Amino acid sequence: MITTQKVLNGKFSLEMHTYGNGGEPLLFMHGAGGLMPVEPFLEDLGKHFKVYAPQFPGYGDSTGNEYIDDVADAVLFYHELMDELGIPTANIVGHSMGGMLAAEVAAFDIHRAKKLVLIAPAGFWIDETPIPDLFAAQLTEIAPLLFHDPNSPAAQMMTAIPSDFKALETMYVERVKRLATASKFLWPIPDRGLKKRAYRIHAPTLLLWGDDDKLIAPVYAKEFTSRIKNSKLELIKNAGHMVMYEQQEALVGAIRNFLKG
Amino acid sequence: MKFTWFHLMPYRFLPEDFKEKYHSVWVDIPRDLYDPKVGHRLYNDYLDQLEYADLMGFDGLGVNEHHQNAYGLMPSPNIMAAALTRRTRNANLVVLGNSIALYNPPIRVAEEFAMLDVISGGRLIAGFPVGTSMDTNFCYGEVPATIREKYYEAHDLIIKAWESKDVFSFNGKYTKLRYVNLWPKPLQQPRPPIWIPGGGSVETYDFCADHDYQYSFLSYFGYIAGKKVADGYWEVMAKKGKELNPFSLGFAQVVAVAETDEQAEKDYAAHMDYFYNRCLHVYDGFADAPGYRTVKTIKAGVLGQVGDRAAMRREGLKWKDFIDQGYVIAGSPKTVRERLREAMKSLNCGHLMLLQQIGSMPPELVRKSTSLFATEVMPHMRDLWSNFEDRWSPKRDLPQADFAKPANVHFQKTETNGTVRAAASASAEVRSSK
């Protein structure tokens, strides 16, 4: 279900995606690409949790992007959102850029995350294993970077170029809006100091990584597991960076086991 | 009509197969393609050419800023402008300009421009570009989403630093300074004229109109395609009730003159090809970082200067097409006179920025084209717009008597530790006799 969620008396107006009715609350933070109108893996998670998945300000119909310049602004925005949703503490799951922000939310205030799941999170930089420049990638180059199998239907669908001009323009403008917002946290190198703060994360933390992630290589997991006391890594076989579209079942299973365990 | 002789300072020796074999001329071009010994020759040739343009009576000498590329070898245009202050006397120095969001703190630009203005005797025209996406986002790491905000703040700081009578504090979002106190201050008071180079961002029209700055449209599509942008600018000016003064618009145009139209093709076609296919071979992913252009500009449908769509539009064009479509104005003096007059009239443009060294063009051809233009074209166009006042050029009101001349330097061999030294004894005499 998609509703409009106001935060701070309308300073932010969010396109809020919710899945499921019962179960423990779960806050999902999406990656730089944002949410699609329906996310099957969230639908799946919705069978076990009450999933809140807002489009970040600047994505889709969510407004208030101009009030967020950096990680601190983003973290306080999420803290405020959680309070207003009545879930000051919740399970938090984040993917890629969303994983980076989820880790920051948990580090800034150790009471926010009950448990934390980081799926191929950004937030670090290793000179020996540079992250390819997604901002400079052309549409034809994106699928091989993001997917284990760039020829799969999911990969093809995500990177399809509309032939209709109006649709193309809409897609292009939306893509620019989303990546411009992401650039506040990721440009030119996605290191905004998480390395100084990650030790603060107290919540039990699960790192999930596609074993064939060509964007943020699995070697980055060590940056997290070495700093977060109560953390472990599970690799997901035959998956690239977009784990949820390639190995939905394995991913949802791992999240469920961890959060229910 | 005023004329600025503009140099991009390209690297002239990229390999034949550059477009096919290499990723991009900008950002990640391999460093081993640059030979500093060749570079030494090029910089000195290029400065010679600008000095020659001064001698030939051009109103301005143009330089600009680009990074990590073979298209234009001036990471710091201020260094080139400084080199020009000493051996030129007449032309204005059009530094178009410094990408002010890149300097930390931006008063560095206010200081260097003030230095240039003082050294040159009040000849500086100060350009404030945002800078290309390649330069600012990819090479200098600026966040695309905030670069325009940072640019506007830097602008406000620089203007205040020039115009303020007193020491002041500046509490910006990007720059915080407890003491701003510009030494030296510009010779032109309160500040040099400001030109804003643009590539068609719609916000820039408003910015220029609101501050009474000159808008310089730097396009490589030529005057026919440029008309859309010029019309957009004049529309904004008219809507705001501003004077439609042609001198408030600058336009860059590739211009090449030879004895005849046929000779022009023979002389220049290969160098145009080099320019369009090698100097502008920019990887599409570097052309326009997400957030660099505003949604408003994207929706206005203004075509980017570089990248795939721009390249596609040029694909397969031959000399005749470049001429017919106005990318290039070239030919005999008569042809160039006619085309240029038509072009400047259709754009309502008073400041022409000529690109006369283009691509791989060697010094002797640059000299020929420049000389023919200066003697057989320029004088015939001076009458254009003579009924308008150019309020966007230096006033040049420093009295001749106060205008400092570089002194003659004696070179004399003095054997001190076996080294040869130059003595500037004459210099002291000239200065003290004044």
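Author: Exposed means over 50% relative accessible area, and buried means under 20%. The model discussed here is predicted.

Reader: Which exposed residues sit on the face of helix 3 of chain B turned away from its buried side?

Author: Start with the buried set of helix 3 (residues 77-87) of chain B: Pro77(B), Asn78(B), Met80(B), Ala81(B), Leu84(B) and Thr85(B). These residues lie on the same side of the helix, because they cover an arc of only 155° around its axis. The face turned away from that side carries the exposed Ile79(B) and Arg87(B).

Reader: What do the buried residues of helix 3 of chain B pack against?

Author: The buried residues of this helix include Met80(B) and Leu84(B). In chain B, the packing partners of the buried residues are helix 2 (36-55), strand 2 (60-63), strand 3 (92-95) and helix 4 (107-119).

Reader: With which side chain does the side chain of Asn78(B) make a polar contact?

Author: Asn78(B) belongs to helix 3 of chain B. With a relative accessible area of 8%, below the 20% cut-off, Asn78(B) is therefore buried. Beyond four places in sequence, Asn78(B) touches Val95(B), Asn98(B), Glu112(B), Phe113(B) and Leu116(B). The polar contact, at 2.8 Å, is with the side chain of Asn98(B).

Reader: Is His67(B) buried or exposed?

Author: His67(B) is in the loop between strand 2 and helix 3 of chain B. Setting aside residues up to four places away, His67(B) touches Trp26(B), Pro75(B), Leu102(B), Asp135(B), Cys139(B) and Tyr140(B). At 3% relative accessibility, His67(B) counts as buried.

Reader: How many disulfides does a search of the whole structure find?

Author: A pair needs sulfurs within 2.5 Å. Cys139(B) has its nearest cysteine sulfur, that of Cys279(B), 16 Å away. Cys139(B) is buried at 13% relative accessibility, and Cys279(B) is buried at 1%. Over all chains, the number of disulfides is zero.

Reader: Which residues of strand 8 of chain B are buried on its two sides?

Author: In a regular strand the side chains alternate between the two faces of the sheet. Strand 8 (residues 214-217) of chain B is covered on both faces. One side has Gln214(B) and Ser216(B), and the other has Tyr215(B) and Phe217(B).

Reader: What is the bridge partner of Ser216(B) in strand 9 of chain B?

Author: Strand 7 (residues 194-198) of chain B runs parallel to strand 8, joined by four bridges, and Pro197(B) stands opposite Ser216(B). Strand 8 also pairs in the parallel sense with strand 9 (residues 249-257) of chain B, over three bridges. There, the partner of Ser216(B) is Gly250(B).

Reader: What is the handedness of the β-α-β crossover from strand 7 to strand 8 of chain B?

Author: Four bridges join these parallel strands. The chain passes from strand 7 through helix 7 (residues 202-211) to strand 8 of chain B, and the crossover is right-handed.

Reader: How far apart are the C-alpha atoms of Met272(B) and Gly359(B)?

Author: Met272(B) lies in helix 9 (residues 261-279) of chain B, and is buried with a relative accessible area of 1%. Beyond four places in sequence, Met272(B) is in contact with Val254(B), Ala256(B), Trp319(B), Val328(B) and Ile358(B). Met272(B) and Gly359(B) are 87 residues apart along the chain, yet their C-alpha atoms are separated by 6.2 Å.

Technical notes:
Residues numbered from 1 in each chain as written. Chains lettered and ligands numbered in written order. Predicted model: local features only at pLDDT ≥ 70, side-chain atom pairs only at ≥ 80, totals over all residues. Heavy atoms only, no water. Buried < 20%, exposed > 50% of the residue type's maximum accessible area, 1.4 Å probe, protein only. Arc of directions from axis to C-beta. Contact = heavy atoms within 4.5 Å. Polar contact = N/O pair within 3.5 Å; in protein donor to acceptor, adjacent residues only side chain to side chain. Pairing = 2+ DSSP bridges. Right-handed = clockwise from strand over helix to strand, strands pointing away.
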